[in-house]
Amino acid sequence: MNSRRPRFTTLLAASAVGVYLLVVLGATADVAHAVNSCSTWPVCQGPVLEDTGLLVAWSHRLTAAVVGLFVLATAVVGVRSAARRRVTALAITALLLYPVQIGLGALVATSGGAGPFPGAHLATGMAIFTTLVLALAWQLESETRTPDDAPVVDPVDLDAGDSAAEGPAPGVASLSTRERITATAGAYFRLTKPRLMWLLCLVAAAGMALAAGPDLTTPTVLFTLTGGVLAIGASGTFNHVIERDVDQRMERTSDRPVATHQIPVKNALAFGGFLSVTSVWLFWQVNALAAALGFAAILFYSVVYTVVLKPNTVQNTVIGGFAGSLPALIGWAAVTGEIGLPGLALAGVIFLWTPAHFYNLALAYKEDYARGGFPMMPVVHGETVTRKHIVFYLGATLVAAGGMAALTPLGPLYAATTAVLGAVFLWAVVRLHRERTEQAAFRAFHASNAYLGALLVAIVVDSIAL
Ligand code: HEM
Ligand SMILES: CC(C)=CCC/C(C)=C/CC/C(C)=C/COP(=O)(O)OP(=O)(O)O
């Protein structure tokens, strides 16, 4: 391997992060308003420290100059390091687009932010970012492709697994009554997949905050979030019932309460049914659309994802991301009674984020998923392709999050969060490519959750408090 390549890869990643910072800051309302303070180019006139608009405009221009140097260096090092032809072509394309973007920026400033220029400036910024992310994905692919990466082509047939014998879970009989009650309560709690709830609740909270701003009311929040928690619990429970046989075959899931018969199937179904009805009733107290979307989310995760997609198609996680994005629409609908563009944009961010989140776990549990018979991306197409797709979906998530900054009045807190935590997520994914260990996969998985968690908190704070 050419020793210059890692340096080139690092430059590519740094350029992508720099361009993203510019795009996302530029997309916020604050930079748009800065045009009112500075309508000259290339320098602004006036007392910088006394006018926030001027300060924002100057910061944007100076950052653009520094990032431009990075983009230039990336293209030069790319050509000299003899990277793959399409990677070099993309780095050069980014460099050629950069002066176009500077020209559009000058037009935005001197036209007072009117006409088609702001839209064209944003679109070109996104195009430069996309170009650099594609180059990074292909560069990392050729730098870290592994020969021992052969996909597990023939996942075990789903019907081949033996069900464990009916009867109480081993060890339960020797417990005292109190211990048995505690163990059973804990088992029902596990059925609800509680570890996922904080993030899914934050998605719904962000949807509500985007729609209501500071006027968000406590009953709407309480009914929607409680309904959401119960809906996730219901679909998690149905998922445990449907996958009980295959869960026994997988190391990660073999101790699940329905798989071990600690909870009988009919009791789990009754529990899931109770949670479903209660959750839809709670959503109904908010409005009919929230109730319909909540019901659709339970059906989608329990039936469409678990029964149809997960065992049958390698695109299971991509299409399954729809279930996770529904809480964004539920949150928006809870406030407005309808489906609106910012809610859809938030749902789009979650949808694109989902494969970048899950493919890390799919890498870490590749053998386990193969044992279970699931056609997950690394099982079917191998680890190199999966790592590359993580970069693609991460890039797409960041573009969608940048689009949200343009579509909504979200400000610099949101912009800084998606740029900084997005950079951390990208850094973890680059390390995943270089290290290719289970630990690196978990690091990238946690970075995905940290990115989305911080982004959603920023949306809530920016919408309600700033
Ligand atoms: C098709 C879509 C998805 C798949 C296949 C998936 C898969 C997984 C899996 C297998 C786990 C580990 C669970 C465990 O072992 O307990 C997990 C954890 C998690 N997922 Fe996802 N997920 C998806 C979508 C989502 C969405 C949409 C969210 C939230 C917006 C989310 C948030 C989380 C959180 C917070 C955790 C727990 C992390 C931790 O324990 O540190 N997931 N996911
Ligand atoms: C409001 C509402 C009901 C929203 C539904 C949101 C939801 C539960 C989305 C699915 C996310 C998820 C945790 C998938 C787990 O995958 P898996 O089942 O493949 O994981 P496993 O292998 O651990 O069973």
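Residues are numbered from 1 along each chain as its sequence is written, and chains are lettered from A and ligands numbered from 1 in the order in which they are written. Because the model is predicted, local features need pLDDT of at least 70 and side-chain atom pairs count only at pLDDT 80 or more, whereas totals for chains, interfaces and linings use all residues.

Between the domains, 21 residues of domain 1 are in contact with 24 residues of domain 2; contact requires C-beta atoms, placed from the backbone, within 7 Å. On the side of domain 1 that touches domain 2, helices H1 (5-27), H2 (29-37) and H5 (117-144) each supply at least two residues. H5 provides the largest share of that side, ten residues. (Helices, H or I of at least four residues, and strands, E of at least two, are DSSP runs numbered from the N terminus.)

The table gives residue classes. Ala, Val, Leu, Ile, Met, Phe, Trp, Tyr, Cys and Pro count as nonpolar, Asp, Glu, Lys and Arg as charged, and the others, Gly among them, as polar.

| Region | Nonpolar | Polar | Charged |
|---|---|---|---|
| Side of domain 1 that touches domain 2 | 16 residues | three residues | two residues |
| Shell around ligand 1 | seven residues | seven residues | two residues |

Around ligand 1 there are 16 residues, of which Arg195, Leu199, Gly320, Gly324 and Phe358 come nearest; a residue is near if its C-beta atom, placed from the backbone, lies within 6 Å. Helices H7 (197-212), H12 (316-336) and H13 (341-364) give two or more residues each to this shell. H13 gives the most, with five residues.

H7 and H12 also pack against each other at an angle of about 35°, with axes 7 Å apart. Axes are lines fitted to C-alpha atoms, for helices over the stretch in contact, and angles run from 0 to 180 degrees between N-to-C directions. Their contact includes Leu200 and Val203 of H7 and Gly324 and Trp332 of H12. By class, it has 16 nonpolar, four polar and no charged residues.

Overall, the protein has 18 helices and zero strands. Its radius of gyration is 25 Å, close to the 23 Å that the globule rule gives for 466 residues, so the protein is as compact as a globular protein of that length. The radius is taken over C-alpha atoms, and the rule is 2.2 Å times the number of residues to the power 0.38.

Key:
Two residues are in contact if their C-beta atoms, placed from the backbone, lie within 7 Å.
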